[in-house]
Amino acid sequence: MRWKQAQLLQKNRAVFRYNNFLKTIISQFKYRGDYTLVHAFKQDFTQGFKQAFPAISKTTKLVPIPLSDKRLASRAFNQAEALADLLPYQTLPLLKRIEGEKQAKKNRHARLTMKNPFELNRQCQPEPVIIIDDIYTTGATIHHAAHVLKTNNYQNIASFTLAR
């Protein structure tokens, strides 16, 4: 199964290729609660964002992928929000996660066929948005988020991740 990216996302960009080294670092950041590691990514993340989106509109908002309430309580921070906070743009919590199952434990087929875990958290004037997440693996998370935004009249949707 391949995503029809042109229908939902204008583009997806990532700073790094996901490899074993990044897997170790992101795992320490995400699962072991080493929040300060986000600062190790700051220069590359902000530089990569400027290169990926050189002509960003002033009305563009960043939409970090939300965690479920249970996952947020166990981690104490949302890694997508931490990454979004590195960028000098307004963050808007447009999405709420209604399903809390871990993606990391699912295989490709399970990720691609899962029910959409998101719903709109709040209604705002549709403006350009860039979905922010840590890893783009199969694209399921970002595409589910983009689908919710698109069905709520957000037309200009892109995504930016730390790794892919």
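The paragraphs below lead through this structure from the whole chain to its sheet, one of its helices and a single loop residue.

The model is a predicted one, and its protein chain holds seven helices and six strands, which follow one another from the N terminus in the order α-β-α-α-β-α-α-β-α-β-β-α-β. Among the contacts with a separation of 6 or more, 79% are between residues 24 or more positions apart.

Four strands form an open sheet in the order S1-S6-S5-S2, and their pairing is parallel. S1 and S2 stand at the edges with a single partner strand each, so one side of each has no neighbour in the sheet. On average, and with direction ignored, neighbouring strands of this sheet are turned by 25 degrees against each other. The pairing of S2 with S5 is made over four bridges in the parallel sense, and Pro 64 has Ile 132 in S5 as its bridge partner.

Helices lie across these strands. H3 lies across S1, S2, S5 and S6, running at about 150 degrees to S6, whereas H2 lies across S1, S5 and S6 and runs at about 105 degrees to S5. Helix H2, which covers residues 20–31, has 12 residues and reaches 16 Å from its first C-alpha to its last, close to the 16 Å expected at 1.5 Å a residue. At the start of H2, a side-chain oxygen of Asn 19 comes to within 3.1 Å of the backbone nitrogen of Phe 21, and just after the helix Gly 33 takes a positive phi of about 70 degrees.

The buried residues of H2 are Leu 22, Ile 25, Ile 26, Ser 27, Phe 29 and Lys 30. In an α-helix there are 3.6 residues a turn, so residues three or four places apart point the same way. The buried residues of H2 pack against strands S1, S5 and S6 and also against helices H4 and H5.

The last stop is Thr 60, which is placed in the loop between helix H3 (42–52) and strand S2 (61–64). Thr 60 counts as buried because its relative accessibility is 6%, under the 20% that sets the limit for buried residues. Leaving aside neighbours within four places in sequence, Thr 60 is in contact with Pro 128, Val 129 and Ile 130.

Note on methods. Residues are numbered from 1 along each chain as its sequence is written. This is a predicted model: local features need pLDDT of at least 70, side-chain atom pairs count only at pLDDT 80 or more; totals for chains, interfaces and linings use all residues. Side-chain values use heavy atoms; hydrogens and water are left out. Helices (H or I, at least four residues) and strands (E, at least two) are DSSP runs, numbered from the N terminus. Buried means under 20% relative accessible area, exposed over 50%, partly exposed in between (1.4 Å probe, protein chains only). Contact means heavy atoms within 4.5 Å. The expected span of a helix is 1.5 Å times one less than its number of residues. A polar contact is a pair of N or O atoms within 3.5 Å; within protein, one must be able to donate a hydrogen and the other to accept it, and residues adjacent in sequence count only if both atoms are side-chain atoms. Two strands pair if DSSP finds at least two bridges between them. Axes are lines fitted to C-alpha atoms, for helices over the stretch in contact, and angles run from 0 to 180 degrees between N-to-C directions.
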